[in-house]
Amino acid sequence: MPEPAEGQQNETPTGTGDPPKSAKQLEKERLKAEKLAKLQAKLDKKAAAPAAGEKKEKPEKRTKEVKEAAVYTAQTAPGEKKDLSGPLPDAYSPKYVEAQWYSWWEKEGFFKPEYGRESIDAPNPNGKFIMIIPPPNVTGSLHLGHALTNAIEDAITRYHRMKGRTTLWVPGCDHAGIATQVVVEKLLWRDEKLSRHDLGREKFIERIWDWRREKGGRIYDQLKSLGSSYDWSRVAFTMDPKLCRTVTEAFVRLHEDGAIYRSSRLVNWSCTLRSAISDIEVDKVEIPGRTFLSIPGYDEKVEFGVLIKFAYKVEGTDEEIIVATTRIETMLGDTAVAVHPKDKRYEHLHGKFVSHPFSNRRLPIVCDEFVDMEFGTGAVKITPAHDPNDYEVGKRCNLPFITIFNDDGYIIGDYGEFTGLKRFQCRKLLLEKLKELGLYRETINNPMVVPICSRSKDVVEPLIKPQWYVSCADMAASATEAVRSGELKIVPEHHTKTWYHWMDGIRDWCVSRQLWWGHRIPAYHVSFNDPSIKKETSDDEEFWVVARTQEEALAKAAQRFGVDASKIVLKQDEDVLDTWFSSGLFPFSVFGWPDQTKDLQTFYPTSLLETGHDILFFWVARMVFFGQKLLGKLPFREVYLHPMVRDAHGRKMSKSLGNVIDPMDVIKGITLEGLHAQLIGSNLDPREIEKAKAGQKQDYPQGIPECGSDALRFALCAYITQARDINLDINRVLGYRFFCNKLWNATKFALLYFTGNEKFSTNLSADSVNQMDAWILSRLAATIETCNVGFETYDFAAATSACYSFWLYDLCDVYLECLKPVFQSGTAEQQTAARRTLYVCLDYGLRLLSPFMPFITEELYQRLPRAEPAASICVASYPSNITWRNLKIESDVEFMQKAARIIRSARSDYNLPNKTKTEAYIVCNDDAASNEILKHYASDLATVSYCSSIQFDTTPPAGCAILTVSGQCEVHLLLKGLIEADKEITKLQKKNDQLHQTVAKLQQAMQAADYATKVPAEVQTANETKLSESQTEIERIASAIQTLKLM
């Protein structure tokens, strides 16, 4: 009998009479059993699943280990050199890098002009570079404007020092008269509920000195944190005895020369401060119309932005003249009504009078051509004592000057119920009374500018005060000629127009300030204790003597009046000088003028004055005035004016907006809560704190990340262009923090190639056995040239961009990649050449960056295997060798890189990872030159484009993507076998759909009727860029899909 079929022996049931099953039946049953088993498995799984509402236990998430940033922990005494015995930390850490270096630089004397020289006046064939700090106010801390100033000035100073010049950058601080007094007065009131008058002048000034001693060092510490390379042995404070002597001497000499005099004139008066203030301390606030503003000392807001019309009755007639004013309260001081002499409407009223409704004053109707016949009614009320234009009319027409406000802003004079009121209380009551008298006509909306005191936020009031003035006309003429002749150069040049504008319209400068903190004016009022001698008045300049000391003043007074000194009583002027007066003397007061010190003879005049363009007149011009007048020399040869720092949205930095940033917060990082806490501890009005908090939350929702000093400095310098403003985005600073990390990693990696004890020099020829060595040296030479030209022409954006591009795009992206095969399989000769070239790139690359990034460059420079003896990168020579430049090599490698970029772009389109190598076939028809270039650099092209091989003169196989490099040159990139065509097509089609949606939305938005007028220009530009990029991407995807379909 036959054997049972395989697989049937155990399938036949035993002990039954059933016939055996066929193979087909058995297969059917097997499939059915499999289905039942699958069903049962599903049911079992469902039964095991948690009931609805039950929480499914989630597997624990693996948290990514975050390494803490390295910190410097070696026990190194301040001033000692940093311990470099350990390895470089794994990643760049600003805290680690910026530790210890500054105190060592300072102790070693690198920042002194004496460093490396026998004496400061020893001849130096490289020349010298001298600059003074624009002294920051002593009140508190630095802001980003100061950081910008220091980033620029320190970069310039370090550059000149590295060029071998005798270099001095003088640090200092300004006593900031008004600002400091306001801060200390607020603290005194907050802590003790006392005013300065409760303490008295001497004790109050003692309190300010105590505050200065407590807080004054903070700014200097911040400047050191920024890496600013000042000579701290020459630090100057404008209230130091040496500088006070300069101020007194300057005032006396200018007075003796007739350039300072005393006069009663209109000044900007702050009723809250009870002092005159300078024009720069007046904020001109534009309002669009009727607006209510909060004014110090008033519970209710005050109305501005309206023009009130009222009538003056003409004496002896039924006629009236309607006038208009934005400051109705000043009508109490009106002494005339002015009309244009050619205005026919008022010809019959010439010489007549109008009656003042609140006094027995008769106001003449005068003729003056300043009146605009077309504006309003063509008639203007004249208040000579409280308006600059009216003041001039009053002088021309010989009108009375009646002051109606006292120093606190209260109404004075015989005005009945108005007398004793605050000026804006008077405004409301006076309007009511005009209505009662039937003289009110109407109130209309009036856009206007309200002058606000930047210190007190009070409305500035023009008041006539006897003050000391500097006569500026002759000095302005000399300053104008200095610029016109080229003796003084202003950069950027477009600021010369502003210079001429200020000089042409110059007015005499009021230097009196009714403060206690500052340089007390060395002027003494003379009175007599003998009644037989003629009586003096405080307004008469004859009874004022100016002298260096009280003894000198007494002798001058006795001689002037021909009386015995015993009959003379002297009282020194209570006022102090405008802070800008002492600041204007700073370029020579810091060197000890009027003494002919060695510093003054060596370092004056200075080389450059660098500052913000906003103080071109207030500070720069006055330094020029005093330098030419008192020393007969310009204080500097060049002026470089940098832009103003605004926030990322282009808004002015303002505490109330919450966008004022302490540079230390950018350097060290700060949480959002930390930013909020700073607002609470500031002098900001409590009502504005919430608004400022909201601004901070919008701009810095996660706080500000730690960026480090180097990144901040580099970012600020990179922003510098010819523009008037910088819109600073913290994210850009953070971007340069990442650049620091790239520098760190690149140098750390490169140092692995230097394994022995050999020391290297920067003396190197361009003749190298490695073709990419010649290229990188040429790129280095180009960078050297750009940086040197950039520093000499103040093109910091070009210099920073050149450094950034060299390190990131030339050294890291290309050269270090091309070195890997050399050190893996190259000859000993090739490796030696590569090491020498790499050393030069690292050494010179760090030196080029050093003026911008002093900390990280010092840290890395000290770890290079250097043969040169320079103690610090601070005093190493700045690179100048450009003999390595070879435009032919650069052009060839640029063409090779173009091919590499196209290959990498295609690999990205087809989602090929870098580790997946592919083959490339070069096809250049009728273009032997391109073919030869790519052949010459074939191994480098393969390295930077992740190809296993580059083939020439070979027919490309099927399954290649064809990429165009030029009109006659193509790359055939082999993809067959490396990708799954169907999957890649699906991915690309999905991406294509998304891009089409983006394009459709953008086109719809851009076709809106009001798009061009309502959408901000920067948004329109961004939309156009995005549309163009999306359309290009769609074309590339379409091409890629077609290629994939052929596989």
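Biologist: Within what distance do the axes of helix 3 and helix 26 come, and at roughly what angle do they cross?
Modeller: The axes of helix 3 (residues 101-108) and helix 26 (residues 854-861) come within 11 Å and cross at roughly 80°. This is a predicted model, where local features need pLDDT of at least 70, side-chain atom pairs count only at pLDDT 80 or more, and totals for chains, interfaces and linings use all residues. Residues are numbered from 1 along each chain as its sequence is written, and side-chain values use heavy atoms, with hydrogens and water left out.

Biologist: What makes helix 3 and helix 26 roughly perpendicular?
Modeller: The crossing is at roughly 80°. Angles of 65 to 115 degrees count as roughly perpendicular (under 35 is roughly parallel, over 145 roughly antiparallel, the rest oblique). Helix 3 and helix 26 are therefore roughly perpendicular to each other.

Biologist: Which residues in helix 3 and helix 26 meet?
Modeller: Trp101, Trp104 and Trp105 of helix 3 meet Pro854, Phe855, Glu858 and Glu859 of helix 26. Contact means heavy atoms within 4.5 Å. The residues of this contact divide into five nonpolar, no polar and two charged.

Biologist: Why is the pair Cys924 and Cys969 called a disulfide?
Modeller: A disulfide is a pair of cysteine sulfur atoms within 2.5 Å. The sulfur atoms of Cys924 and Cys969 are 2.4 Å apart, and the two residues form a disulfide. The pair links distant parts of the chain, with Cys924 in strand 30 (residues 918-924) and Cys969 in strand 33 (residues 969-974), 45 residues apart. By this rule the count comes to one disulfide.

Biologist: What makes Cys924 count as buried?
Modeller: Its relative accessibility is 17%, so Cys924 counts as buried. The cut-offs are under 20% relative accessible area for buried, over 50% for exposed, and partly exposed in between (1.4 Å probe, protein chains only). Cys969, at 0%, counts as buried too.

Biologist: How do you know that Cys426 is in no disulfide?
Modeller: The nearest cysteine sulfur to Cys426, that of Cys271, is 13 Å away. Cys426 is buried, with a relative accessible area of 0%.

Biologist: Why is Cys244 called partly exposed?
Modeller: Cys244 has 21% relative accessibility, so it counts as partly exposed. Cys244 lies in helix 8 (residues 241-256). Not counting residues up to four places away in sequence, Cys244 touches Thr238, Met239 and His519.

Biologist: What makes Gly177 buried?
Modeller: Gly177 has 1% relative accessibility, so it counts as buried. Gly177 lies in helix 5 (residues 177-192). The C-alpha atoms of Gly177 and Leu515 are separated by 7.4 Å, although the residues are 338 apart along the chain. Leaving aside neighbours within four places in sequence, Gly177 is in contact with Leu515, Trp517 and Thr579.

Biologist: How do you know that Ser1030 is buried?
Modeller: The relative accessible area of Ser1030 is 7%, so Ser1030 is buried. Its place is in helix 32 (residues 1017-1045). Helices here are DSSP runs (H or I, at least four residues), as are strands (E, at least two), numbered from the N terminus. Leaving aside neighbours within four places in sequence, Ser1030 is in contact with Leu995, Thr998 and Val999.

Terms used
Axes fitted to C-alpha atoms, helices over the stretch in contact; angles between N-to-C directions. Nonpolar A, V, L, I, M, F, W, Y, C, P; charged D, E, K, R; others polar.
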